[in-house]
Amino acid sequence: MVIKASNVLLDKKFNCKLCDFGSAKMGFSSTILPPNSSTNRMMLVSPGYTDPHYLRTGIASKKNDIYSFGIIILELISGFEALSSDTGERLISKAGNILRDATKVAEMVD
């Protein structure tokens with residue numbers, strides 16, 4: 001499962017609720033095969049939220065969800081999209097460049 005911003009809802013008391021597990025219902029982990037697999041199957045991914053290690057190997061773990069959650073936190077802090085609709089740049093690339101220099105961290109905060 002990939003956690004993404006559109007899957008996080010708030011109730012009347014602003015408690016977070018996760019929803020829309022469409023890929024999980026379809027057997028998400030079974031639809032991804034390692035790159036060296038001879039079978040060619042469609043990959044169900046959410047650009048910008050999917051762990052690059054998962055994309056390379058097809059191995060699902062709890063780390064994939066932690067990566068996705070981290071992207072949501074970066075979206076909340078920065079106000080940037082996980083994947084820019086204008087440039088196609090991934091938030092992790094943009095954030096990585098900014099956060100390497102401690103004097104530029106303030107630029108990241110929305």
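Which residues line the largest pocket?

**Entry 1: the model**

I am working from a predicted model. I counted five helices and two strands in the protein chain. I then read the order from the N terminus and got β-β-α-α-α-α-α. I also looked up burial. Of the 110 residues in the protein chain, 25% are buried.

**Entry 2: the pocket**

I took the lining next. The largest pocket is lined by I3, A5, V8, C16, L18, F69, I72, I73, E75 and L76. I noted its volume as about 220 Å³. Two elements give two or more residues each to this lining, namely β2 (16-18) and α3. Helix α3 has the largest share, with five residues. I sorted the lining by class as well. Nine residues are nonpolar, one is charged and none is polar.

F69 sits in helix α3, which spans residues 62-78. Is F69 buried, partly exposed or exposed? I found a relative accessible area of 47% for F69. F69 is therefore partly exposed, because that value falls between the 20% and 50% cut-offs.

I then checked the surface around F69. F69, I73, L76, I77 and V109 make a nonpolar surface patch. I wrote down an area of about 470 Å² for this patch. F69, I73 and L76 are among the residues of the pocket lining, and the patch includes these residues too.

**Entry 3: V109**

Where is V109 placed? I located V109 in the segment after α5 (105-108). Its relative accessible area is 51%, so V109 counts as exposed, given that the cut-off for exposed is over 50%. I looked up its spacing to L76.

**Entry 4: F14**

I turned to the backbone. F14 has a positive phi, near 60 degrees, and is not a glycine. Most residues other than glycine have a negative phi. I placed F14 in the loop between β1 (8-10) and β2. Its relative accessibility is 64%, so F14 counts as exposed.

**Entry 5: S93**

Last, I looked up S93. S93 lies in helix α4, residues 91-99. Its relative accessible area is 36%, so S93 is partly exposed. How many residues separate S93 from G48 in sequence? I got 45. From C-alpha to C-alpha, S93 and G48 are 10.0 Å apart in space.

Terms used:
Residues numbered from 1 in each chain as written. Predicted model: local features only at pLDDT ≥ 70, side-chain atom pairs only at ≥ 80, totals over all residues. Heavy atoms only, no water. Patch = residues over 30% accessible without salt bridge, like charges linked within 9 Å, V, L, I, M, F, W, Y side chains within 5 Å. Areas by Shrake-Rupley, 256 points an atom, 1.4 Å probe, with all protein chains shown as cover. Salt bridge = Lys/Arg side-chain N within 4 Å of Asp/Glu carboxyl O. Helix = DSSP H or I, 4+ residues; strand = E, 2+ residues; numbered from the N terminus. Buried < 20%, exposed > 50% of the residue type's maximum accessible area, 1.4 Å probe, protein only. 1 Å grid on protein atoms, 1.4 Å probe; cavity = no way out; pocket = protein on both sides within 12 Å on 5 of 7 lines; lining within 4 Å. Points joined across faces, edges and corners; volume = space filled by probe spheres on them. Nonpolar A, V, L, I, M, F, W, Y, C, P; charged D, E, K, R; others polar.
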